[in-house]
Amino acid sequence: MKFYDCLTDFIFVEDVPEPSDVILIPGSRYGELAVRAAQLYARHMADWVVPSGKYSIFAEKFQGPLSPDAYLGKSYETESDFFEAVLLEHGVPGEAVRKENQAVFTYENAIFTRKLLEEEKIYREGKPFQAILVCQAFHARRSLMYYQLVFPDTRFLVCPVETQGINRNNWFESSEKIDVVLGEVERCGSQFHDIMKGTDHIWKGRKEK
């Protein structure tokens with residue numbers, strides 16, 4: 001066993017998809033996530049697909065898709081608008097798509113998605129609920145942690161998508177990939193200090209509403 005196998009198993013979460021209540025997509029500029037969600041929808045894995053995202057907190061607007069090639073150069077207002085276009089072009093009917101278009105980072109993806117699902121009466125707290133989470137492969141653990149935090153009574157099945165050529169079998173083979181994956185390891189610790197200590201104002205405010 002390699003010394004970094006524990007890091008690989010921690011970051012690269014993956015489950016076998018099962019029929020669920022909803023398919024969730026955290027914000028991203030990689031359309032492969034929506035393609036994967038559309039494939040799962042076509043297999044009748046859920047009745048709803050919920051893409052989330054406005055644009056990165058580090059940007060002033062959505063800077064456009066990074067992939068697939070068919071979408072490069074096209075203009076979209078938000079990440080969720082981009083995902084919606086991909087979903088529709090891959091056979092998901094418009095009435096099955098519920099967009100969340102305000103989130104600018106992963107924590108907000110989860111918070112605003114829950115708010116949307118509550119408003120649409122797709123999700124009710126305390127009711128048995130199962131969701132498929134379609135995210136970038138190296139982003140799987142952190143995405144799952146945030147969604148588990150915000151949906152504590154939900155069972156999540158992670159169905160990741162390889163992006164940027166990074167997967168569990170090659171992430172340690174180049175400096176660039178190592179930086180991405182170990183950066184995720186660091187964020188899985190650093191971003192949860194205030195939440196675990198009960199001093200996070202975003203989540204505290206969400207719970208008090």
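## Sheet

Two strands pair if DSSP finds at least two bridges between them. Strands (E, at least two residues) and helices (H or I, at least four) are DSSP runs, numbered from the N terminus. The model is predicted: local features need pLDDT of at least 70 and side-chain atom pairs count only at pLDDT 80 or more, while totals for chains, interfaces and linings use all residues. Residues are numbered from 1 along each chain as its sequence is written, and side-chain values use heavy atoms, with hydrogens and water left out.

Four strands form an open sheet with parallel pairing, in the order β2-β1-β3-β4. β2 (49-51) and β4 (154-158) are the edge strands, each pairing on one side only. Neighbouring strands are turned against each other by 25 degrees on average, direction ignored; the axes behind such angles are lines fitted to C-alpha atoms, for helices over the stretch in contact, and angles run from 0 to 180 degrees between N-to-C directions.

β3 and β4 run parallel and are joined by five bridges. In this pair, Gln130 stands opposite Arg155 in β4. Four of the five residues of β4 are buried, so β4 is largely enclosed by the rest of the structure. Buried means under 20% relative accessible area, exposed over 50%, and partly exposed in between (1.4 Å probe, protein chains only).

Strand β1 (residues 22-25) runs parallel to β2 and is joined to it by three bridges. Leu24 stands opposite Val50 in β2. Helix α2 (residues 32-42) lies across β1, β2 and β3 (129-133), and runs at about 175 degrees to β1.

## Largest pocket

The largest pocket has a volume of about 940 Å³. Of the 36 residues that line it, Ser56, Phe58, Thr106, His139 and Arg142 are the closest to its centre. On a 1 Å grid over the protein atoms alone, a pocket is an open set of points with protein on both sides within 12 Å along at least five of seven lines, and lining residues have an atom within 4 Å of a point. Grid points are joined across faces, edges and corners, and the volume is the space filled by probe spheres set on the points; the probe is 1.4 Å.

The elements that give two or more residues to this lining are α4 (106-119), α5 (140-150), α6 (175-190) and α7 (193-197). α6 gives the most, with four residues. By class, the lining residues divide into 16 nonpolar, twelve polar and eight charged. Here Ala, Val, Leu, Ile, Met, Phe, Trp, Tyr, Cys and Pro count as nonpolar, Asp, Glu, Lys and Arg as charged, and the others, Gly among them, as polar.

## A buried threonine

Thr8 is found in helix α1 (residues 5-11) and is buried, with a relative accessible area of 5%. Leaving aside neighbours within four places in sequence, Thr8 is in contact (heavy atoms within 4.5 Å) with Arg168 and Trp171.

## Backbone exceptions

Most residues other than glycine have a negative phi, and most peptide bonds are trans. A cis peptide bond, with omega about -10 degrees, joins Ser67 and Pro68. Pro68 lies in the loop between β2 and α3 (79-89).

His44, which is not a glycine, has a positive phi of about 65 degrees. His44 is found in the loop between α2 and β2 and is exposed, with a relative accessible area of 67%. Gln164, also not a glycine, has a positive phi of about 55 degrees. Gln164 is placed in the loop between β4 and α6 and counts as partly exposed at 41% relative accessibility.
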